[in-house]
Each structure stands twice: as C-alpha cells, then as structure tokens.
Amino acid sequence: MNHDANDARHEMSGAPPLLAPQIPLPPYAYRPGRNAHPLRHPQGHMFGGVEMRPPLPAQNAWATETGHLHAIDLFNNKFWWEAHEAWESYWHSAPVGTAEHHALKGLIQFAALHLKIESADVATAATLQRNALQNLEVANGHGLVRGGRCLGFDLIEICALITATAPHLPAPKAQ
Amino acid sequence: MPMNAMTMPTPTTASTYEHVQRGWLIPLCLYGTAVFAAVILNIARHEEDLPWAVWGLPVLLLVLGHYFSALRVRVDAREVRVAWSWDWPAVRHALDSIEGAEACKHGWWYGYGLRWTSRGWLWNAQGAAAVRLRLRGGKCFHIGTDDQAGLLAAVNAALAARGAGAAPLKL
C-alpha cells in the first residue's frame with residue numbers, strides 16, 4: 001500500500017497523527033481466528049519477514065526511536081498484535097530487570113489485553129491487566145526512571161489508561 | 001497528566017453471542033388447538049350461520065404457534081436482547097442495568113412461552129434450564145435456553161468488558 005492510501009485510511013480512523021508516517025501501517029490488523037496469521041500464513045502481512053532485534057536506544061532517545069514510534073502508531077490504530085510484536089523485539093534486547101524491560105513487558109501486555117477483551121476472554125484479560133499494571137509500577141519505581149518517564153511515556157498515565165481500558169474486569173484468579 | 005484530562009476510551013469491538021433455541025411443544029399445542037378449533041367451527045357452520053371472523057381464531061393460533069417456535073438471544077457489547085421468532089418485539093436489557101447473571105432451573109409447572117413468575121419474567125421456548133439476569137432495582141428476568149453455559153459465559157463476559165475501550169498512547 002502506498003503512503004497516500006495509508007494516510008487516507010489512517011485519517012478516516014480518527015486515531016491521532018502518525019508518529020512514524022514513513023512506515024506504512026499493515027494492510028490488516030490480525031485477529032486470531034478471523035484472518036491470516038501475519039507470520040505463519042503465506043498470505044500474512046509479515047510472512048517471510050526477518051525477525052528484528054533492534055538495539056535499545058538510549059534512555060532519553062525513545063521519543064525519537066522510529067521502531068518505537070511505529071509501535072505506538074500500530075497501537076493507536078488498533079493493530080494490537082502487531083504493536084505487541086514491535087515492542088517485543090525491543091523487549092528481547094532489554095536487559096532483564098531494567099526499567100525498560102518491565103515497561104516494555106507492560107506495554108506488550110497492554111496490547112494483548114485489548115485482543116483478549118475483543119475476543120471476550122475475560123479471565124485472560126483480567127490477568128493481563130493486572131500484570132501490565134504490575135510491570136509498569138515496577139518500572140516506575142525503578143531508580144533509573146526520572147520523573148516517572150520511561151520509553152518516552154509518563155508511566156503513571158499509562159497505568160491510568162490500562163485501568164480505564166477495562167474498568168469492570170473481575171479480579172484475576174490468584175496465581 | 002491527571003486522569004480526568006485523558007482521552008476517554010472509545011468502545012472496542014466486543015464479541016457477539018447469538019443463539020436461537022427452537023421449541024416444538026408450544027407450536028405443537030397451538031397448531032393442534034388450531035386444527036381442533038377449525039374442525040369444531042366447520043361442524044358448527046352447518047348448524048348455524050357463523051360470522052367469517054371466527055375463522056380468525058385458528059389462523060391466530062397458527063400464527064402464534066409459529067411465533068413462539070423459537071427464542072432468539074443476542075448478547076453484545078451494549079445489551080442482552082431476547083426476542084421470539086420474528087425478532088420483534090424484543091426485550092432489551094442494557095448491560096449497565098444488569099447487576100449479575102446466574103444459571104437457574106424452572107420446574108415444568110412454570111410452563112413455556114411468556115411467563116410472569118414469583119421470581120420475575122420468564123421467556124422460555126422449551127426446557128427447564130435458564131439464565132437469570134439480576135437487574136438493578138431488585139427485579140429479575142429469566143431467559144430459558146438450551147445453551148445455559150454458553151449464554152451465561154457470554155453475559156458474564158459482556159458484563160466484565162462493559163465500558164472497555166481503547167485510548168491512544170501519547171508521548
């Protein structure tokens with residue numbers, strides 16, 4: 001799809017402006033069981049692609065990191081699975097136990113939470129909501145995070161968004 | 001940023017549950033009564049002059065038999081909707097008006113069709129299994145179903161996901 005068509009489709013969606021307009025949005029948003037798996041299906045929009053392991057940007061460079069900005073675009077345009085994949089590539093590169101590692105995991109779970117709500121999988125959604133909040137709270141409490149910002153986000157704001165996304169989910173079962 | 005300044009989530013597309021239960025007992029009774037009425041009227045018309053309008057009775061029974069032959073239940077992100085064969089009129093309960101749902105059973109003496117019971121309204125095509133919707137204000141509405149587990153799961157999932165939405169991330 002060319003950039004013009006991509007922009008027109010995005011403008012119609014009502015989502016905020018693209019942060020990385022140079023990277024087109026995928027032709028469809030993957031929904032498990034409803035359309036082709038992007039990686040495994042021959043007609044998937046990521047089929048045959050090479051798995052990316054981008055290096056982590058410096059802590060204050062996330063707001064200009066193209067791959068991260070594209071992940072936000074994917075999320076804001078309801079490409080939940082694709083956004084989760086994009087953040088997961090950074091998460092693999094993030095050292096375990098760091099604020100970025102926890103924050104990226106929280107974002108991945110936040111994206112997955114939307115998928116589970118759409119598929120009415122309430123139990124999994126409740127668990128994802130709790131885990132996403134826990135990971136972002138851990139990241140927020142990390143000594144390296146200055147002023148509650150990590151990956152360019154205000155983590156307190158993201159936590160509030162996660163709660164507001166599904167305010168009536170039941171308490172998840174104890175692990 | 002304070003919570004009240006954030007963009008409110010817009011509704012996501014939730015899964016929809018739809019199930020049609022077909023019953024045979026109500027149509028059988030009403031069709032049978034219609035045939036019986038038609039036979040009686042046919043005999044009676046030889047003895048006295050009947051207004052043609054009385055033939056509306058067996059027709060009405062046939063129509064009602066068809067109408068009450070199926071119960072259609074739909075659960076989506078906004079409401080639980082229950083209607084008979086023609087999908088109209090329907091009773092609708094917004095998710096916000098439902099406090100909870102649970103499985104229940106009714107004895108045969110409650111009957112089939114539209115029933116007002118001591119436990120609230122019952123719409124039942126056939127069978128004893130039902131799902132009770134506990135409504136705000138203390139009232140209840142019972143939906144007879146042959147997919148009790150599926151309907152209960154759908155209502156509970158819709159109740160848990162109500163108000164769910166997606167708000168954009170901002171740097």
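Arg74(B) and Glu18(B) form a salt bridge in which the closest N and O atoms are 3.2 Å apart. This pair links distant parts of the chain, since Arg74(B) belongs to strand S3 (residues 70-75) of chain B and Glu18(B) to strand S2 (residues 17-22) of chain B, 56 residues apart. The model is a predicted one. Arg74(B) is partly exposed, with a relative accessible area of 31%, and Glu18(B) is likewise partly exposed, at 43% relative accessibility.

Arg74(B) also takes part in a salt bridge with Asp76(B), with an N to O distance of 3.7 Å. Asp76(B) has a relative accessibility of 8% and therefore counts as buried, the cut-off being under 20%.

Asp87(B) is placed in the loop between strand S4 (79-84) and strand S5 (90-94) of chain B, whereas Arg72(B) is in strand S3 of chain B, so the pair ties together parts that are 15 residues apart in sequence. Asp87(B) is partly exposed, with a relative accessible area of 29%. Arg72(B), at 25% relative accessibility, is also partly exposed. The residues described so far belong to a network of salt bridges that links Glu18(B), Arg72(B), Arg74(B), Asp76(B), Arg81(B) and Asp87(B). Over all chains the count comes to ten salt bridges.

Between chain B and chain A, by contrast, the count of salt bridges is zero. Two residue pairs are in polar contact between chain B and chain A, both at pLDDT 80 or more. Three elements of chain B each supply at least two residues of the side that touches chain A: strand S1 (10-11), helix H3 (148-161) and strand S11 (165-166). H3(B) gives the most to this side of chain B, with four residues. By residue class, the side of chain B that touches chain A divides into 16 nonpolar, six polar and two charged residues. The contact takes 24 residues from chain B and 36 residues from chain A. The area buried between the two chains is about 2,300 Å², and carbon and sulfur atoms give 67% of this area.

Within chain B, strand S9 (residues 129-135) is mostly covered, with six of its seven residues buried. S9(B) pairs with strand S6 (residues 98-105) of chain B in the antiparallel sense over seven bridges. In this pairing Lys105(B) stands opposite Ala129(B) in S9(B). S9(B) also pairs in the antiparallel sense with strand S10 (residues 140-144) of chain B, over five bridges. Here Arg134(B) stands opposite Cys140(B) in S10(B). The hairpin of S9(B) and S10(B) has four residues between the strands, and Gly137(B) in this hairpin takes a positive phi near 95 degrees. In a regular strand the side chains alternate between the two faces of the sheet.

His142(B) lies in strand S10 of chain B. At 0% relative accessibility, His142(B) counts as buried. The side chain of His142(B) is joined to that of Arg132(B) by a polar contact of 3.1 Å. With neighbours within four places in sequence left aside, His142(B) is in contact with Cys104(B), His106(B), Arg119(B), Gly120(B), Trp121(B), Leu122(B), Trp123(B), Val131(B) and Arg132(B).

In chain A, Thr66(A) is found in helix H2 (residues 66-76). Thr66(A) is partly exposed, with a relative accessible area of 31%. The C-alpha atoms of Thr66(A) and Leu19(A) are separated by 8.3 Å, although the two residues are 47 residues apart along the chain. Not counting residues up to four places away in sequence, Thr66(A) touches Ala20(A), Gln22(A) and Ile23(A).

Key: Residues are numbered from 1 along each chain as its sequence is written. Chains are lettered from A and ligands numbered from 1 in the order in which they are written. This is a predicted model: local features need pLDDT of at least 70, side-chain atom pairs count only at pLDDT 80 or more; totals for chains, interfaces and linings use all residues. Side-chain values use heavy atoms; hydrogens and water are left out. Contact means heavy atoms within 4.5 Å. Buried area is the accessible area (1.4 Å probe) that two parts lose on being put together, summed over both. A salt bridge is a side-chain nitrogen of Lys or Arg within 4 Å of a carboxyl oxygen of Asp or Glu. A polar contact is a pair of N or O atoms within 3.5 Å; within protein, one must be able to donate a hydrogen and the other to accept it, and residues adjacent in sequence count only if both atoms are side-chain atoms. Ala, Val, Leu, Ile, Met, Phe, Trp, Tyr, Cys and Pro count as nonpolar, Asp, Glu, Lys and Arg as charged, and the others, Gly among them, as polar. Buried means under 20% relative accessible area, exposed over 50%, partly exposed in between (1.4 Å probe, protein chains only). Two strands pair if DSSP finds at least two bridges between them.
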